[in-house]
Amino acid sequence: MPSLISQINDEKKKITVCGAGLVGCLAACYFAERNYDVTLFEYRSDIRKMKVVAGRSINMAMSVRGREGLKRINAEEAITSKGIEMYTRMLHDTHGNMNSVPYGKSSQCILSIDRRYLNELLLNEAEKYPNLTIEFNHKVKKCNTNTGEVIFENTLTGQEVKINSDLVIGCDGAYSTVRQSLLKDKPVNFSQSYNSGYYLELRIPPINGTFALPPKHLHIWPRGNFMLIALPNQDFSFTCTLFMPLEMFDQLKTSDQVIEFFQKYFVDAMNLMGKESLVEMYFSTKPSSLISITCDPHHGKKCVLFGDSAHAMVPFYGQGMNCAFEDVVVFFEILDSMNFDNIDKVLEKYSQTRVPDAHAICELAIRNYDEMKYLVTTKGYKLRKKLDNFLNALFPSYWVPLYTMVTFSRIRYSEVIAARKKQDKIIKTIGWASCFSVLTLFGFYAFKKKSNFSVLNNFFNFLHK
């Protein structure tokens, strides 16, 4: 990455990043890379020194957008080498039989990586910059998004600390104090909703020092209105997450009820966890809620929001972290082209660019819950997936499957939804049966005659208008 020091005034701009989670660490690194004076504040203690870290621990599924964020600070290889590649969804039926459904082409995969481990690696990256200071045990109490003044409380001493900044970066999560301050300082359209599904984390331990299930897959036990998923870890265990309505959790009040429930719906997972261990894990914590948050704009006069602070989403598309990292990439693409002297215009353009995409991926994430817990088992879903893959093979520039656009490209999320609507219109127009018969004939003819598909290409151009 070229140095941008020459674009900054002699007096370094002071950047205050609130929240040293995944996106906060990445954003701090981006600013430090450009020679800004950066201070990264974190409410918790240093997680690298903690035995147990409170909060969410659903594994991260890193894909193209997230990797791009790491690549631009030369950290992609160091961090992704610690992940485990997942090439397919491995579906489990109630009898323990498994069926593999590829995410995309044979070479395309997402990476499973532990949230805490990833956070620790990013903290290590942040500490490499001499112009970046990390302050743990500092809670945001108040933020003036017009002046850049932030008041923190040192949670160890109770002392208040006042910081003046040229720009405040809100990366303090779904219940962001920085965002709450922004809502008071200017008109902001804000929405939050809770998903019907709650989640509870479980674990499948290693067996004989290795994985208890095939590791190159995201395992799913789809059961209609609830599901269990499992992602592989570096220590050969699987992090499992049970998603289902709260009323279903509430019905399982005894050890026998939990075992009976798992015996009926997740027998193979239960056998790998062990009944005693399952019961202990189930009752050791309460189910957690899933929240979806959107706001518009994502900025104030001297403030910008990244990640969950701006757009918390349910985890069913595996895009929360990826979208957050892309926030940083998009912001700095704009900042690098316009310079900090034009920060007002930078912030305005960032919100204009990013808000539609943030709203779009929040919507897609909610939709994907239905796909994962139910639709993946239906004939219609399987048929559509085959059709999408067939058309993509014939016309890679015209027809890209929905999941591929979201996960294996940097196509804007808002454009993904628009493209999917066009695809649905095409399929509805020509019909399923005629689509398969006509395209099979075209494909066979093209293969034999090595046609350039000019006729069918013109047809797709017409339908896309």
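Biologist: How many bridges join β3 to strand β7?

Modeller: In this predicted model, β7 covers residues 110–113 and runs antiparallel to β3. Within β7, leucine 111 stands opposite methionine 62. The number of bridges joining β3 to β7 is three.

Biologist: Which strands stand at the edges of the open sheet?

Modeller: The sheet consists of three strands in the order β3-β7-β4, paired antiparallel. The strands at residues 60–62 and 84–86 each have a single partner, so one side of each is left without a neighbour in the sheet. The edge strands are therefore β3 and β4.

Biologist: Are α13 and α15 roughly parallel or roughly perpendicular to each other?

Modeller: Helix α13 spans residues 379–394 and helix α15 spans residues 413–430; their axes come within 13 Å and cross at roughly 100°. Angles of 65 to 115 degrees count as roughly perpendicular. The two helices are therefore roughly perpendicular.

Biologist: How many residues of the contact of α13 with α15 are charged?

Modeller: On the α13 side the contact is made by Arg384, Leu387 and Asp388, and on the α15 side by Arg420, Gln423, Asp424 and Ile427. Two of the contact residues are nonpolar and one is polar. The charged residues number four.

Biologist: Which element gives the largest share of the lining of the second largest pocket?

Modeller: This pocket holds about 470 Å³ of space. Its lining comprises 23 residues, and those nearest the centre include Tyr381, Arg384 and Arg420. Among the elements giving two or more residues are β6, α12 and α14. The largest share, six residues, comes from α13.

Key:
Residues are numbered from 1 along each chain as its sequence is written. This is a predicted model: local features need pLDDT of at least 70, side-chain atom pairs count only at pLDDT 80 or more; totals for chains, interfaces and linings use all residues. Side-chain values use heavy atoms; hydrogens and water are left out. Two strands pair if DSSP finds at least two bridges between them. Helices (H or I, at least four residues) and strands (E, at least two) are DSSP runs, numbered from the N terminus. Axes are lines fitted to C-alpha atoms, for helices over the stretch in contact, and angles run from 0 to 180 degrees between N-to-C directions. Angles under 35 degrees count as roughly parallel, over 145 as roughly antiparallel, 65 to 115 as roughly perpendicular and the rest as oblique. Contact means heavy atoms within 4.5 Å. Ala, Val, Leu, Ile, Met, Phe, Trp, Tyr, Cys and Pro count as nonpolar, Asp, Glu, Lys and Arg as charged, and the others, Gly among them, as polar. On a 1 Å grid over the protein atoms alone, a cavity is a set of points where a 1.4 Å probe fits but cannot get out, and a pocket is an open set with protein on both sides within 12 Å along at least five of seven lines; lining residues have an atom within 4 Å of a point. Grid points are joined across faces, edges and corners, and a volume is the space filled by probe spheres set on the points.
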